[in-house]
Amino acid sequence: MAKDTKKKEIKRIAVFTSGGDAPGMNAAVRAVVRTGAYNNLHVFGIKRGYEGMIDCDLVRLEVGDVGNIMHRGGTFLKTARSQRFMTPEGRRTAYEALKAYDIDGLIAIGGNGTFTGAMVFSQEYDIPIVGVPGTIDNDLYGSDFTIGFDTAVNTAIEAVDKIRDTADSHNRLFFVEVMGRNSGFIALNTAIGSGAASVMIPEKDATLEDLVDVLKMGARRKKLFSVVIVAEGNHFGGASEIAKQVKELFDFYDTKVTIIGHLQRGGSPTALDRVLASRLGFSAVEGLLEGQAGVMAGLVNSKIKFTPFEEAISKNRKPDNQLIRMAEILAI
Ligand SMILES: Nc1ncnc2c1ncn2[C@@H]1O[C@H](COP(=O)(O)OP(=O)(O)OP(=O)(O)O)[C@@H](O)[C@H]1O
Ligand SMILES: O=P(O)(O)OC[C@H]1O[C@](O)(CO)[C@@H](O)[C@@H]1O
Ligand SMILES: [Mg+2]
């Protein structure tokens, strides 16, 4: 059911995934390939993000190549963090590779680093790029959610539910560290969804003494176990460091630390991530054909919105203060 007319002169596009993988990236690539095919485009996949772009590692992607991948975590295109793309020479080699394949539009699926690279690249070379926010960190302005965030939070909550069982059985205090680089979105949502006693995130202005007060309050009302969620990018250090310092101030509980780590990056994407990825992949291609460039396709209040890369990466996205306050109140 291919469409007869093209809206723009773009004929050959390439899609890649970059930075940390995120559940739902496959669904986004599928949407890009199929929307491209519907619009009579030649679609290529670039392997290993910017690294593969520099190495000219492109493969033609047809409709059938993206079947049966919707439900799979990771990214079948593979991904990478590329030092070479940070250099002008690396980017020139990448551009030459794209020219060799006559690529006239790019879809970049990744996080803030990927879009920083895309912004620099599009300032240096005349190639339209539309971004799709794919990162578990949820740290981009211009989309209420990024692809992978919901799955990561669900994974973290499932882990905390299990930790609760053993914490309860042994009357222990657990510090559970979740990912999020410099951002507390995963931690805050995990804390709310798992009913944790407290959460330590970079965006919250709280001291270790405040945390100890919360724990003491719990102990006074005969709370025999407790779980505290810690964002990895915390200014007090990770969960191990916080556990050590808290123990020195208040040693009522036998204390343990769990770092969930890369478990949060894998697994089958949730329904929310699959639908989000499909919508954003589809909209990115339509946007590119309608002349969008240097922008990220996002979902804002359930509507598709295009935000310039510069804004998407530089507007300091923080969890809502109301949500932080609510998490505290509900944990009393
Ligand atoms: N200033 C920059 N100039 C050129 N390229 C950049 C720049 N910053 C980042 N990149 C490229 O983008 C890649 C991906 O960035 P990064 O590793 O920060 O992941 P991300 O896209 O933010 O995803 P995530 O946070 O989910 O891991 C980098 O490895 C690098 O190749
Ligand atoms: O997998 P790597 O390269 O160790 O990166 C870990 C980082 O990637 C993320 O999972 C996604 O950006 C961060 O939350 C985390 O800090
Ligand atoms: Mg990032």
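Glycine 111 is found in the loop between strand 4 (105–110) and helix 4 (112–124). Helices (H or I, at least four residues) and strands (E, at least two) are DSSP runs, numbered from the N terminus. The model is predicted: local features need pLDDT of at least 70, side-chain atom pairs count only at pLDDT 80 or more, and totals for chains, interfaces and linings use all residues. Residues are numbered from 1 along each chain as its sequence is written, while chains are lettered from A and ligands numbered from 1 in the order in which they are written.

Arginine 81 sits in another loop, between strand 3 (58–60) and helix 3 (88–100). The table gives the surroundings of both residues.

| Residue | C-beta neighbours within 10 Å | Class |
|---|---|---|
| Arginine 81 | 16 C-beta neighbours | partly exposed |

Buried means 20 or more other C-beta atoms within 10 Å of the residue's own, exposed means 12 or fewer, and partly exposed lies in between; C-beta atoms are placed from the backbone.

Glycine 111 touches residues including Gly19, Gly20 and Asp137, not counting those up to four places away in sequence. Contact means C-beta atoms, placed from the backbone, within 7 Å.

Which residues come nearest to ligand 1? Of the 19 around ligand 1, they are Gly19, Gly20, Gly111, Gly113 and Gly117. A residue counts as near if its C-beta atom, placed from the backbone, lies within 6 Å. Helix 4 gives the largest share of this shell, 6 residues.

For "binding site", an unreviewed UniProt entry lists Gly20, Arg81, Ser82, Gly111, Asn112, Gly113 and Thr114. They are spread over 95 residues of sequence, yet cluster in space, with a largest C-alpha distance of 13.8 Å. UniProt positions follow the numbering used here, feature names are shortened, and annotations may be inferred rather than shown by experiment.

Methods: Contact = placed C-beta atoms within 7 Å.
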